[in-house]
Amino acid sequence: MGIFFRIFLFYMNPPNNSHDNHMEVIHLYAEKFERPGLFDCFECYQPPAYYYIAATVYRLSKSVGLSEMSSWK
């Protein structure tokens, strides 16, 4: 039952259902695949390893053919 509820929550929650601005930074990394300036966005001062990995996963999921919503999730 727990697995079912996890999958259901994944399916029903929008990708921007959070209280941080990490999505914006991932989007900036995925667009140019380079580190944005420190003051380009609220979370741009964070270490880049997470954002490079997340941008790579995002770009790979889009190239596989997933929808925009699924790629962000």
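This is a predicted model: local features need pLDDT of at least 70, side-chain atom pairs count only at pLDDT 80 or more; totals for chains, interfaces and linings use all residues.
**Overall fold**

The protein has four helices and zero strands. Read from the N terminus, the order of elements is α-α-α-α. Its C-alpha atoms fill a box of roughly 45 × 30 × 15 Å along the principal axes. The chain has 73 residues, and 21% of them count as buried.

**Nonpolar core**

The largest nonpolar core has 11 residues. Its members are Val25, Ile26, Tyr29, Ala30, Cys41, Cys44, Tyr51, Ala54, Ala55, Tyr58 and Trp72. Two elements give two or more residues each to this core: helix 2 (22-32) and helix 3 (49-64). As background, nonpolar side chains tend to be buried together in soluble globular proteins.

**Helix 2 against helix 3**

The axes of helix 2 and helix 3 come within 8 Å and cross at roughly 70°. Angles from 65 to 115 degrees count as roughly perpendicular, so helix 2 and helix 3 are roughly perpendicular to each other. The crossing of helix 2 past helix 3 is right-handed. The table shows which residues make the contact.

| Element | Residues in the contact |
|---|---|
| Helix 2 | His22, Val25, Ile26, Tyr29, Ala30 |
| Helix 3 | Tyr50, Tyr51, Tyr52, Ala54, Ala55, Tyr58, Arg59 |

By type, the residues of this contact divide into 10 nonpolar, one polar and one charged. Val25, Ile26, Tyr29 and Ala30 of helix 2 take part in the contact, and these four residues are also listed in the core. On helix 3, Tyr51, Ala54, Ala55 and Tyr58 take part in the contact and are likewise core members.

**Cysteine 44**

Cysteine 44 belongs to the largest nonpolar core. What does cysteine 44 touch, not counting residues up to four places away in sequence? Its partners are Val25, Leu28, Arg35, Pro36, Gly37 and Leu38. One of these, Val25, is itself a core residue.

**Proline 48**

Proline 48 sits in the loop between helix 2 and helix 3. Is proline 48 buried or partly exposed? Its relative accessible area is 23%, so proline 48 is partly exposed; the cut-off for buried is under 20%. Leaving aside neighbours within four places in sequence, proline 48 is in contact with Tyr29 and Arg35. Arg35 also touches cysteine 44. Serine 70 lies 22 residues from proline 48 along the chain, and their C-alpha atoms are separated by 23 Å.

Methods. Residues are numbered from 1 along each chain as its sequence is written. Side-chain values use heavy atoms; hydrogens and water are left out. A nonpolar core is a set of buried Ala, Val, Leu, Ile, Met, Phe, Trp, Tyr and Cys residues joined through side-chain atoms within 4.5 Å. Buried means under 20% relative accessible area, exposed over 50%, partly exposed in between (1.4 Å probe, protein chains only). Contact means heavy atoms within 4.5 Å. Axes are lines fitted to C-alpha atoms, for helices over the stretch in contact, and angles run from 0 to 180 degrees between N-to-C directions. Angles under 35 degrees count as roughly parallel, over 145 as roughly antiparallel, 65 to 115 as roughly perpendicular and the rest as oblique. A crossing is left-handed if the near helix is turned anticlockwise from the far one by less than a right angle, and right-handed if clockwise. Ala, Val, Leu, Ile, Met, Phe, Trp, Tyr, Cys and Pro count as nonpolar, Asp, Glu, Lys and Arg as charged, and the others, Gly among them, as polar.
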